[in-house]
Amino acid sequence: MSFKKNKYVVIKQAISKDMATFIYNYFLMKKQVYDTCLKQRFISPYEVLLGEYEGDEGQIPHTYSCYSDIAMETLMLKCQPIMEKITGLKLTPAYTFARIYKHGDILHRHKDRFSCEISTTMNLGGDPWPIYLDPTGSNNILSGSETTTIVKPKAPKGIKVDLKPGDMLVYSGCELEHWRNKFKGKECIQAFLH
């Protein structure tokens, strides 16, 4: 499959399953540290170095996430040559983000901001949760915010992409609408490398 033609490509085993499991467990432990520090009042909810729970206005309310975690930044540098080869582009790292999705979470249909021109989502572990892409590049959102979206009645249903731990979807985040339906599992950790 050609990234230039389709604006997305799946890379199976971009990292090994063992490495994905290691990072998965690391990120679960980081959340436990955050939760403990918050509960014991060692930190305030406004100190985001260890991560944060997104507020009601966030993309995924009340879900733990972290920007620019050192392990995720290192993962981005490891994956950059793979991404450059598959896209045929010279890429400049922008930022990383990781999230522990929980039961009931929904990622509404959207396009990304400019800093996510070339995006990835990498499955690090947990329960399976497909992502959907609209490869037409059309605009099907009538109105929306990070927490709600109204989609045109005849919008394409999208292409379902299932990722196993270590698999990575590389896509043109500013051009292709993407989303995830309501999560039925317990937890799923995804790393986003932009």
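**Entry 1: secondary structure and overall form**

I began with the secondary structure of the chain and counted three helices and 13 strands. I note here that the model is predicted. I then looked up the radius of gyration, which is 16 Å for the chain. A compact globule of 194 residues would have a value near 16 Å, so the chain agrees with that expectation. Along the principal axes, the C-alpha atoms occupy a box of roughly 50 × 35 × 30 Å.

Of the contacts with a separation of 6 or more, 79% join residues 24 or more positions apart.

**Entry 2: surface and charge**

For charge, I recorded 26 positive and 21 negative side chains. The centres of these two sets are 7 Å apart.

**Entry 3: the nonpolar cores**

Which residues touch the most other members of the largest nonpolar core? I found Leu75, Leu124 and Met168, in a core of 30 residues. Among the elements that give two or more residues to this core are strand E1 (8-11), helix H2 (17-39), helix H3 (70-87), E6 and strand E13 (187-193). Strands E3 (64-67), E4 (96-102) and E11 (168-171) also belong to that list. H2 gives the most, with six residues.

I followed Leu75 further. Beyond residues up to four places away in sequence, Leu75 touches Ile15, Ile23, Met122, Leu124, Ala191 and Leu193. I also noted a second, separate core of 10 residues, including Ile60, Tyr95, Leu107 and Cys116. As a general remark, nonpolar side chains tend to be buried together in soluble globular proteins.

**Entry 4: Thr120**

I turned to Thr120, which lies in strand E6 (residues 119-126). Is Thr120 buried or exposed? Its relative accessibility is 0%, and Thr120 therefore counts as buried. Setting aside neighbours within four places in sequence, I listed its contacts as Met83, Met168, Leu169, Val170, Tyr171, Ala191, Phe192 and Leu193.

**Entry 5: Gly173**

I located Gly173 in the loop between E11 and strand E12 (177-180). Gly173 counts as buried because its relative accessibility is 0%. Which residues does Gly173 touch, not counting those up to four places away in sequence? I recorded Lys111, Asp112, Cys116, Glu117, Ser119 and His178. I also checked Gly173 against Lys7: the two are 166 residues apart in sequence, with a C-alpha to C-alpha distance of 8.9 Å.

**Entry 6: His108**

I found His108 in strand E5 (residues 107-110). Its relative accessible area is 21%, so His108 is partly exposed; the cut-off for buried is under 20%. I then looked up its separation from His178, which is 70 residues away along the chain. The C-alpha atoms of His108 and His178 are 7.9 Å apart.

**Entry 7: Ile70**

My last entry concerns Ile70, in helix H3. How does Ile70 count, buried or exposed? With a relative accessibility of 66%, Ile70 counts as exposed, since the cut-off for that class is over 50%. I also recorded the spacing between Ile70 and Thr96, which stand 26 residues apart along the chain. Their C-alpha atoms are separated by 9.2 Å.

Technical notes:
Residues numbered from 1 in each chain as written. Predicted model: local features only at pLDDT ≥ 70, side-chain atom pairs only at ≥ 80, totals over all residues. Heavy atoms only, no water. Helix = DSSP H or I, 4+ residues; strand = E, 2+ residues; numbered from the N terminus. Rg over C-alpha atoms; globule rule 2.2 N^0.38 Å. Contact = heavy atoms within 4.5 Å. Lys, Arg positive; Asp, Glu negative; His and termini not counted. Charge placed at Lys NZ, Arg CZ, Asp CG, Glu CD. Buried < 20%, exposed > 50% of the residue type's maximum accessible area, 1.4 Å probe, protein only. Core = buried A, V, L, I, M, F, W, Y, C linked by side-chain atoms within 4.5 Å.
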